[in-house]
Amino acid sequence: MDTPPAATWEVRHLIFTTIAERGTAPDAAAIAATLAISPETARDALTWLSDHAEIVIDPSGDVVMAHPFSNVETPFKVTIGDRSWWANCAWDTFGILAVLDADGTIHASYAEDGAPARITIHAGVPAGTGVVHLLLPAREWTKDYVDT
Amino acid sequence: MLLFRSEEGVRQWCAARHREPGAILTLEEAWRAAIARFGPVLDPAYRGLDLADLTARFHAQGFTGPFWDPT
């Protein structure tokens, strides 16, 4: 791994802690303001993190994915009380509750027919109906975030 | 990484797309695998995905074999 630009890991940590706390990731301006760095430094860090598959950004530089969190609305949602987070896929919904170390509810749909699915996790025990399919093996996960 | 009602649903979905099924996890397995995969996400000391460490975490949760080898 090549050397990251200044403040890269601080930027990454801020992205993940913010999306974990609030459900949305900060943009470059907010990152710069929070970490007292220049917007250019923030953008360089975002680009490096995306180039190294730590996050996914869109062409404008905003965070789209910070696995397991999604910064955009998707068909996969996690709720804890009245708080909610978007996930990138069905497995990531489990990942969000694992990261947050919390009981919660997974809202998704069954791939067979699109019917709504609801799974709860309480004290580390999932309750509901279904199986999760991981199409690609682990070595492919960071190469194809869309098709996994 | 999609949710299905059943393993048969996975097999039909894959067949329709001319793909081989990957790993089909029970909900409990999906939870344990997620703990292994995403455990260090909020660790302030995180400095990139350590594939050896990820492999060890998968093994600790009982996920072994080529599918779970990230290297």
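Which residue of β1(B) does A:Val131 stand opposite? In this predicted model, the residue opposite A:Val131 is B:Phe4 in β1(B). The pair belongs to a region where strands of the two chains are joined: β9(A) and strand β1 of chain B, residues 2-4, pair in the antiparallel sense over 3 bridges. Strands of a sheet pair through backbone hydrogen bonds, either parallel or antiparallel.

The sheet that contains this pairing is open and is formed by 3 strands in the order β1(B)-β9(A)-β2(B), with antiparallel pairing. The edges are taken by β1 and β2 (23-26) of chain B; each has a single partner strand, so one side of each is left without a neighbour in the sheet. On average, and with direction ignored, neighbouring strands of this sheet are turned by 30° against each other. Two helices of chain B accompany these strands. Helix α1 of chain B, residues 7-16, lies across β9 of chain A together with β1 and β2 of chain B, and runs at about 30° to β9(A). Helix α2 of chain B, residues 27-38, packs on the sheet and touches β9 of chain A together with β1 and β2 of chain B. The direction of α2(B) makes about 105° with that of β2(B).

The contact between the chains as a whole was then examined. It takes 47 residues from chain A and 42 residues from chain B. About 4200 Å² is buried between chain A and chain B, and carbon and sulfur atoms give 69% of this area. Of the area that chain A buries against chain B, 18% is supplied by A:Trp91, A:Val131 and A:His133, more than by any other three residues.

Between chain A and chain B, the count is 15 residue pairs in polar contact, with both residues at pLDDT 80 or more. On the side of chain A that touches chain B, at least two residues each are supplied by α1 (8-22), α4 (90-100), β6 (104-109), β7 (116-122) and β9 (131-134) of chain A. The most is given by α4(A), with 8 residues. By class, this side of chain A has 29 nonpolar, 11 polar and 7 charged residues. Across the interface the rule finds 1 salt bridge; the side chains of A:Asp113 and B:Arg5 meet in a salt bridge at 2.9 Å, N to O.

Chain A also contains strand pairings of its own. Strand β1 of chain A (residues 56-57) and strand β2 of chain A (residues 63-66) run antiparallel and are joined by 2 bridges. Here A:Ile57 has A:Val63 in β2(A) as its bridge partner. The hairpin of β1(A) and β2(A) has 5 residues between the strands, and in this hairpin A:Gly61 takes a positive phi near 95°.

Note on methods: Residues are numbered from 1 along each chain as its sequence is written. Chains are lettered from A and ligands numbered from 1 in the order in which they are written. This is a predicted model: local features need pLDDT of at least 70, side-chain atom pairs count only at pLDDT 80 or more; totals for chains, interfaces and linings use all residues. Side-chain values use heavy atoms; hydrogens and water are left out. Contact means heavy atoms within 4.5 Å. Buried area is the accessible area (1.4 Å probe) that two parts lose on being put together, summed over both. A salt bridge is a side-chain nitrogen of Lys or Arg within 4 Å of a carboxyl oxygen of Asp or Glu. A polar contact is a pair of N or O atoms within 3.5 Å; within protein, one must be able to donate a hydrogen and the other to accept it, and residues adjacent in sequence count only if both atoms are side-chain atoms. Helices (H or I, at least four residues) and strands (E, at least two) are DSSP runs, numbered from the N terminus. Ala, Val, Leu, Ile, Met, Phe, Trp, Tyr, Cys and Pro count as nonpolar, Asp, Glu, Lys and Arg as charged, and the others, Gly among them, as polar. Two strands pair if DSSP finds at least two bridges between them. Axes are lines fitted to C-alpha atoms, for helices over the stretch in contact, and angles run from 0 to 180 degrees between N-to-C directions.
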